[in-house]
Each structure stands twice: as structure tokens, then as C-alpha cells.
Amino acid sequence: MIELKDVAYTYGGAELFSGLGLTLAPGSFHFLTGPSGAGKTTLLKLCYGELTATSGEVTLFGEPRRGLSRDQLAMTRRRIGVVHQDCQFLDHLPLAENIALPLTVAGRGDEAEGNLKDLLAWVGLTKQAGQRPPELSGGERQRAALARAVITSPDVILADEPTGNIDWEMSQRLLRLLVELNRMGKAVLIATHDLELIRAAKAQVSARVLRLTGRKLQMAGAEL
Ligand SMILES: Nc1ncnc2c1ncn2[C@@H]1O[C@H](COP(=O)(O)OP(=O)(O)OP(=O)(O)O)[C@@H](O)[C@H]1O
């Protein structure tokens with residue numbers, strides 16, 4: 001569904017990585033690790049077309065990213081759910097409306113009611129549904145960001161440190177949600193420093209662990 005071939009990315013003349021290859025096939029589960037600043041967030045941005053590769057090719061659902069118009073890219077992105085590291089919301093809207101927003105924007109608002117109730121319960125935010133995002137804790141915002149990313153049932157889920165502010169029990173719950181979605185055939189890619197999360201996932205799914213380091217993407221060692 002998403003393929004990167006021989007991809008390089010450079011910020012202002014400084015090369016972050018090069019020769020990078022990655023295929024996110026239906027039903028695949030990947031973790032992306034690596035030191036802070038190695039380029040994990042940048043790699044995710046390439047996967048959802050926010051950035052275009054400096055060289056190499058990124059293909060989104062069979063279409064080269066470079067050839068997509070703005071509108072085509074917007075349509076393509078509807079098939080990708082993203083949990084951003086900074087979890088931005090529209091602060092004037094209640095949480096429930098924020099989470100349902102991707103459905104509303106896609107003209108599928110009528111699907112929101114049932115999905116929303118289940119998802120809010122799953123991420124433990126039923127009571128907070130009417131609150132505004134600035135009234136929530138960091139962990140609550142992260143849980144809400146995951147709910148928002150999956151509400152449209154996207155084909156691919158990309159999550160940037162989705163459990164950074166969350167306790168172990170809740171992060172296990174979020175992981176189970178991602179594992180369930182993966183079993184339904186969704187491709188999942190999670191950038192994380194949380195090795196315990198990776199170990200817990202590997203007990204449930206056949207997950208590949210990639211490490212971005214020294215400007216290259218490698219398979220992580222067997223200890224994970
Ligand atoms: N818009 C930008 N302009 C210039 N440099 C940038 C930009 N965005 C990121 N960088 C730099 O690129 C490098 C990689 O950043 P990125 O956020 O992709 O790393 P990361 O592996 O996700 O880090 P972390 O684990 O800390 O989130 C960093 O050195 C960062 O400062």
C-alpha cells in the first residue's frame with residue numbers, strides 16, 4: 001500500500017538518510033526505532049505524503065507521490081490514519097467532535113455515532129467526550145489522537161510515539177486496538193522508543209522492528 005524505494009531526505013543541505021527502502025503491505029506490522037533526531041518523524045511524513053523525498057520514489061496505493069495533485073493527495077490521505085507526536089486538535093470543539101472530524105470531513109458523518117461511542121470507551125475517554133482539548137491531560141490527548149486516527153477505519157495506520165505519555169495498562173489497551181485493526185488487514189507502523197511496548201506486541205503479532213540509525217534503515221537485532 002505504501003512503498004519507499006531508495007529514498008533520501010535532506011533538510012537544508014544536511015542529508016538525514018538515504019538509500020531507504022520500506023514496504024507497508026496489507027496486514028503488516030512494523031515498529032520504527034532509533035535515536036532521537038535520526039529521522040523517524042520525517043520518515044512517517046514521507047509515508048503519508050506530507051514531505052516529498054529528495055530522491056528515490058514514494059508510492060502511495062500504487063501512485064507515485066510526486067505525480068499526485070493536492071486534491072489527489074488529500075483523497076489518498078483519507079486512507080491513512082496518522083497519530084501525530086504533538087496531537088493537535090481544534091480547541092473550540094468538544095473532544096467527541098474532534099475525534100469524529102475525519103469522518104465529517106470525508107462526508108461520512110452519519111457513521112460517527114456508533115463508532116465514536118465504542119472508540120471513546122476503548123480509549124477510556126467516555127466521560128471526557130464533551131470536554132475541550134485544552135482541558136485534557138497529555139495522555140488523554142494521545143488516546144484521543146489514536147481514536148481520531150482510526151475512526152475512519154483507514155487502510156494504513158501510522159503512529160508517532162503514541163504511548164509516550166500513557167501508563168502501561170492503557171498503552172497495552174491501545175496496542176490491543178492496533179493489533180485488532182492489524183488482524184483486519186490494516187498495515188500498522190509505530191515509531192517508538194518504548195521497547196516494552198515492542199516486546200508486548202511481538203507476543204501478539206508478527207511485527208518487524210526497524211531501526212533508523214546512521215542514516216540507514218536496518219532490521220533491529222534479535223534482542224527485540
Ligand atoms: N522542518 C525541519 N527543518 C530542518 N530540520 C528539521 C526539520 N524537521 C526536523 N528537522 C531535523 O531533522 C532531524 C530528524 O528529525 P525527526 O523529527 O524526523 O527525528 P526523530 O527520529 O523523529 O526524533 P525524536 O525521536 O526526537 O522524535 C532532527 O535533527 C531535526 O532537528
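Lys5 stands opposite Glu57 in strand S4. That pair belongs to the contact between S1 and strand S4 (residues 55–60), which pair in the antiparallel sense over five bridges. The model described here is predicted. It holds an open sheet of four strands, an open sheet of six strands and a ligand with a shell of residues around it.

**Confidence**

- The protein chain has an average pLDDT of 92, and 98% of its residues score at least 70.
- For the model, ipTM is 0.96 and pTM is 0.93.
- Where pLDDT is low, the predicted coordinates should not be read in detail.

**The four-stranded sheet**

- Four strands make up this open sheet, in the order S2-S1-S4-S5, and their pairing is antiparallel.
- Its edge strands are strand S2 (14–24) and strand S5 (63–64), each of which pairs on one side only.
- Helix H1 lies across S1, S2 and S4, and runs at about 130° to S1.
- Asp6 has its place in strand S1 (residues 2–11).
- Asp6 is not a glycine, yet it has a positive phi of about 50°.
- Asp6 counts as exposed because 12 other C-beta atoms lie within 10 Å, and a residue with 12 or fewer is exposed.

**The ligand and its surroundings**

- The residues around the ligand are Tyr11, Gly12, Leu16, Gly34, Ser36, Gly37, Ala38, Gly39, Lys40, Thr41 and Thr42.
- By class, this shell divides into three nonpolar residues, seven polar residues and one charged residue.
- Helix H1 (residues 40–47) supplies the largest share of the shell, three residues.
- H1 is also the helix that lies across S1, S2 and S4.

**The six-stranded sheet**

- Six strands form this open sheet in the order S6-S7-S8-S3-S9-S10, with mixed pairing.
- The edge strands here are strand S6 (80–83) and strand S10 (216–219), and each pairs on one side only.
- On average, neighbouring strands of this sheet are turned by 20° against each other, direction ignored.
- Helix H5 (residues 138–150) packs on the sheet and touches S6 and S7; its direction makes about 175° with that of S6.

**Strand S8 and its partners**

- Strand S7 (residues 156–160) and strand S8 (residues 187–191) run parallel and are joined by five bridges.
- Strand S3 (residues 29–33) also runs parallel to S8, and four bridges join the two.
- Ile190 in S8 has Ala159 standing opposite.
- Phe31 stands opposite Ile190 as well.
- S8 is mostly covered, with five of its five residues buried.
- Ala187, Leu189 and Ala191 point one way from S8, while Val188 and Ile190 point the other way; all are buried.

- Glu161 lies in the loop between S7 and helix H6 (168–183).
- Phi of Glu161 is positive, near 50°, in a residue other than glycine.
- Glu161 has 20 other C-beta atoms within 10 Å and is therefore buried, as the cut-off for a buried residue is 20 or more.
- Arg173 lies in helix H6.
- Arg173 has 16 C-beta neighbours inside 10 Å, so it counts as partly exposed; that class lies between the cut-offs for exposed, 12 or fewer, and buried, 20 or more.
- Arg173 is 17 residues from Ile190 in sequence, and the two are 15 Å apart in space, C-alpha to C-alpha.

- Strand S9 (residues 208–213) pairs with S10 in the antiparallel sense, over four bridges.
- Thr213 has Lys216 in S10 as its bridge partner.
- Two residues lie between the strands of this hairpin, where Gly214 takes a positive phi near 55°.

How values were computed. Residues are numbered from 1 along each chain as its sequence is written. This is a predicted model: local features need pLDDT of at least 70, side-chain atom pairs count only at pLDDT 80 or more; totals for chains, interfaces and linings use all residues. A residue is near a molecule or strand if its C-beta atom, placed from the backbone, lies within 6 Å of it. Ala, Val, Leu, Ile, Met, Phe, Trp, Tyr, Cys and Pro count as nonpolar, Asp, Glu, Lys and Arg as charged, and the others, Gly among them, as polar. Two strands pair if DSSP finds at least two bridges between them. Axes are lines fitted to C-alpha atoms, for helices over the stretch in contact, and angles run from 0 to 180 degrees between N-to-C directions. Two residues are in contact if their C-beta atoms, placed from the backbone, lie within 7 Å. pLDDT is the predictor's confidence in each residue, from 0 to 100.
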